[in-house]
Amino acid sequence: MDFNDTKEEAQFREEVNNWLSKNAEKKQHARDIYKAAGIPGDGTALQDAKKWQEKLYDAGWACLHWPKDYGGRDASPMERVIWGQEMSKYKVPGGYFEIGQGMAGPVLMTYATEEQKQRYLPPMAKGEEIWCQLFSEPGAGSDLAGIKTKAELDGDTWTINGQKVWTSGAQYSDYGILVTRSDFSAPKHKGLTYFFLDMKSPGVEVRPIKQITGGSGFNEVYFTDVKIPDSQRLGEVGDGWKVSLTTLMNERLAVGDASGVDFQEIFDLAKEQDFNGDQAIKNGSVREKLADWYCEQSGLKYTKMRNISALSQGSTPGPEASITKIVSANKLQDIANYGMDLMDSGSIVRNDDTSALFQGSLLGAPLIRIAGGTDEVLKNIIAEQVLGMPQDVRVDKNVPFNEIPTGSKN
Amino acid sequence: MNFSFSNEQILMQEEVKKLLDKENSVKRNRTILEGEEKFDQELWKSLVAMGLTATTIPEEYGGIGMGFLELCVIAEELGRGIAPVPFSSSVYLATTAILNSSNEEIKKEYLPKLANGEIIGTFAHSEKTSFPDETGIAVTVKGNKISGQKIAVPDGDIADFAIVSASSGKKVGLYIVDLKDKKVSIETLDTFDPSRSHANVSFDGATATSLEDDAWTSIEKLLDQSAVLFAFEQVGGAEAAMNMAKEYAMGRYAFGRAIASFQAIKHKVADMYISLQLARSNCYYGAWALSNDSSELPTAAATARVSATKAFYECSKENIQTHGGMGATWEFDCHLFYRRARLLSSNIGSQGIWKDKLITSLEKSNSPA
């Protein structure tokens, strides 16, 4: 039992580091992040990210696991892990290409024509074209198959009408993957059809959503008589659910640890703050809390190690990773809340770096518990797919979609 | 990277599991719990015959010279089978304490007999009602005579000898005492989980031999080492309890369907699974630190211990809940796991002690994960 690289892994790691050290700045602290030179929102960050992605692409470091023909490197899963581990030690821009490369790319690879793959995948890898995912709707979140955005075929052109929500990056995306309902009289999983479309098509309107953090990372997207050629359909008509599952599977792999305050921050804070006239960390109740969070953080860290080890040994990782988001998002929320407790009255003031960090995490945590599969959906997945427990009774499963009841909140 | 057990170790684990299944270890737990016997001698002999008590003992002392990693997988299976045997006392604790010792004579005398199951050992540490720190040891040694009382010693009425923590007046260290000595009196106790016997052990000038170790640090090390093994045992028990809950829920129908199809039950079992996975992964870290004698052992051991204690408690209590009323009957096995979960939490120091140890070790290393 060890954490050592094999000879090939060590060689690859060295190659990665050789390139990264010449092309990027190493982090001084784990929390360091890349900061764009311009003012927030002026597009500098996006331009920086595009430049960096192009550099990766030119050097053969974009979309490592993709085939070389489409702009990848044909790398092994283990090489992809090593790349991720090493790149996390450098300050590099990012955050724009993950949905395209992580979710749209795999679907195109499975369902698009060869010509389309040649046309769209390399610019996606290069960061030249950005993709978004148009799935959730106001009435369909966890129950994604309940979407209502309508697709009607006339000749070889589809007309789309409806609304999507929670679309990250729609405001700067060039293309989108879209799931629609093409048959309202079929049972809900059977009447869906999947497309990709140009986000600049007439009739597409993007409106930002203001979140409880005050930021706007997500959008509503409205479709009014938007035309999509049938050649941009992915999968058969009515097979959209099957195609969506490919995307969702990749989404779960892409959503990892929750970002924000973690054990180190609350540990440091407990050393700085007073509690009943002494250092907070000397208090038994504080120590108990810290121990619980450390155990969770460590449990996730070594769960990840077990998965990487399985990859390194040439086997497929087990379903253990499915616990990561549930545990880390809840831990984030609880640590943020407890940190504010430790700072007492001062915690609510917004002029201080430390309190702002904990406040930001407390406000950001609820969305992390929901995005990419809510706690509840993920627990269903663990119970059904990992432990083999039966599905809940689904009263709407074999009913024509247009006969399924909806409530006042849909 | 190879952060996993080897194929040989996994094969060994399967052999131990097969033996415990064949011997119906859970049923034997109930027999000991309900009967007068202090432990299951037949099962113990089977484990000895398989060589399990000799696992970590080098060949030169009559053992088979494997390592702690093998002991980890054995511990997991003993936990799964809630085996009514003094394995943790004799192997995780007494054998490890002697292996740690530099006293060659003691090694030569005791290790071969521990390996072949001729003798059973235990660790006598707790006094009064709280888990002792360095200042809490009242048992004293003068010359080579030991006096004082240790309470609720696991297998104290089964073991042939005990490793005893005692103060010489200057420092606290580990001593070995023959429990058949006439100046030792043993009082068997009625306990929460009678599938494992416990006794108060009093010394009145019995002969004690020092393990010649470096005082309190050797006790801390022994606790850390055994904590990893206890954690594996707890994870084994937790997984068994989770599986019991799941199987029952699949077969129990209410409102016209398997209760396993209700989200209230599914989420409960998913929570057990999450708790178990975190504990198991921390146990792997503990196993790595233990087998490499790493400086990270104090942190790794406490992390494994705390999360495994939590997992076994959660899985065993929610297993009863999933079974409904039947889960709370004497007849069903749920309570055997619930009792064992509590017992293992109390052995070698309870949850609060280990949480505190964890934070203390992080403060010392100042470099958390």
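Biologist: How many residue pairs are in polar contact across the interface of chain A and chain B?

Modeller: This is a predicted model. Across the interface of chain A and chain B, 25 residue pairs are in polar contact, with both residues at pLDDT 80 or more. The elements of chain A that give two or more residues to the side touching chain B are α7 (263–272), α8 (284–312), α9 (324–342) and α11 (375–386). Of these, α8(A) gives the most, with 20 residues. By class, that side of chain A has 24 nonpolar, 13 polar and 15 charged residues.

Biologist: How many salt bridges are counted between chain A and chain B?

Modeller: The count is 7 salt bridges. One of the pairs to look at joins B:Glu363 and A:Arg287, where the closest N and O atoms are 3.1 Å apart.

Biologist: What area do chain A and chain B bury between them?

Modeller: The size of an interface is often given as the accessible area lost when the parts come together. Here chain A and chain B bury about 4600 Å² between them, and 64% of that is on carbon and sulfur atoms. The contact takes 52 residues from chain A and 45 residues from chain B.

Biologist: Now a strand. Which residues of β1 in chain B lie on one side and which on the other?

Modeller: In a regular strand the side chains alternate between the two faces of the sheet. In strand β1 (residues 121–124) of chain B, B:Gly121 and B:Phe123 lie on one side, and B:Thr122 and B:Ala124 on the other. All of these are buried, so both faces of the strand are covered.

Biologist: Which strand do 4 bridges join to β1(B)?

Modeller: The partner is strand β4 (residues 161–167) of chain B, and the two run parallel.

Biologist: Is B:Val201 buried or exposed?

Modeller: B:Val201, in strand β7 (residues 198–210) of chain B, counts as buried because its relative accessibility is 1%, and the cut-off for buried is under 20%. Leaving aside neighbours within four places in sequence, B:Val201 is in contact with residues including B:Gly148, B:Val153, B:Leu179 and B:Ile186.

Biologist: And in a helix, what does B:Gln225 touch?

Modeller: B:Gln225 is in helix α7 (residues 215–251) of chain B and is buried, with a relative accessible area of 4%. Not counting residues up to four places away in sequence, B:Gln225 touches B:Phe68, B:Thr96, B:Asn100, B:Leu290 and B:Leu297. As for B:Leu290, its C-alpha is 30 Å from that of B:Val201, and the two residues are 89 residues apart in sequence.

Conventions: Residues numbered from 1 in each chain as written. Chains lettered and ligands numbered in written order. Predicted model: local features only at pLDDT ≥ 70, side-chain atom pairs only at ≥ 80, totals over all residues. Heavy atoms only, no water. Contact = heavy atoms within 4.5 Å. Buried area = accessible area lost by both parts, 1.4 Å probe. Salt bridge = Lys/Arg side-chain N within 4 Å of Asp/Glu carboxyl O. Polar contact = N/O pair within 3.5 Å; in protein donor to acceptor, adjacent residues only side chain to side chain. Nonpolar A, V, L, I, M, F, W, Y, C, P; charged D, E, K, R; others polar. Buried < 20%, exposed > 50% of the residue type's maximum accessible area, 1.4 Å probe, protein only. Pairing = 2+ DSSP bridges.
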